[in-house]
Amino acid sequence: MSTSDDRPPTGERPPEAERPHRRRDGSTADRLVAAARVVLARGGPQALTVQAVAEEAGTYPDAVRYHFGGKAGLVSAVVESLADDPRFRAIARDSGTAPRSDVVRRLLEADRDLLLDDGSYRDFYALLSGIVLDTELRERVAVLYRGYRAMYAGVVGSEGGLSADELHALETLMIAVIDGLAVQKLLDPDSVRLDVVLPFWEKVLELVFAHVAGGGDAGAQATD
């Protein structure tokens, strides 16, 4: 079964296909992303073909090309969907208008919920080796990561005080910590205690901000 937007007129290609990292709200595009995750969970990365995804979604292979430009665009859209949470966008919007400590706490709470979603990280890491080995996919997902780092930078840098290099280091490490925790949790879920690790990580971040606010005297700030 197909819908009216499954097959575009010959030769036409929507702007979305040229910008695969933009959020899509079209029902067919959303259905294709969901179908790709079903195919991935059922058969692994090798099963993730345009034909298989189209069949799972109940549409035509041309619909994948229409909405995503091809398999690479579809895969990058799947990766984007795995971390797509309205709370992250709301947190980014609040940066600069709410105290940094409050916004960072909300960010870590959203990260915790993401870490509890084993399916999303399982799908991401199932795709990762193929992404790393494919130049086009690697570039597409790198763009997504730059967007995530910019969002984190907006949160942790909202009150200033950090140099450009410090901000880059912190935003990169914040994402690395969450991604690394996800790997450990997938491999050995019973030994990774998020209820201990994440509050400790928040304290580490508080020390960083105290260091910045105190002009480098983190020890004095931490003992106040």
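Trainee: Over which residues does pLDDT stay under 50, and how many contacts beyond four places in sequence does the model have for them?

Mentor: pLDDT is the predictor's confidence in each residue, from 0 to 100, and a contact means heavy atoms within 4.5 Å. Here pLDDT stays under 50 over residues 1-25, for which the model has 51 contacts beyond four places in sequence. Residues 218-224 also stay under 50, with five such contacts. The chain average is 84, and 84% of the residues score at least 70.

This is a predicted model, in which local features need pLDDT of at least 70, side-chain atom pairs count only at pLDDT 80 or more, and totals for chains, interfaces and linings use all residues. Residues are numbered from 1 along each chain as its sequence is written, and side-chain values use heavy atoms, leaving out hydrogens and water.

Trainee: How many aromatic pairs are there?

Mentor: Rings of Phe, Tyr and Trp (its six-membered ring) pair if their centres lie within 6.5 Å; planes under 30 degrees apart count as stacked, over 60 as edge-to-face and the rest as tilted. The count is four. The Phe124 and Tyr145 pair is tilted, because the ring centres are 6.5 Å apart and the planes stand at 45°. This pair joins distant parts of the chain, 21 residues apart: Phe124 lies in helix α8 (residues 118-133) and Tyr145 in helix α9 (residues 135-156). Helices here are DSSP runs (H or I, at least four residues), numbered from the N terminus.

Trainee: Which residues do the ring pairs link into a cluster?

Mentor: The cluster holds Tyr121, Phe124, Tyr125, Tyr145 and Tyr148.

Key: Helices (H or I, at least four residues) and strands (E, at least two) are DSSP runs, numbered from the N terminus.
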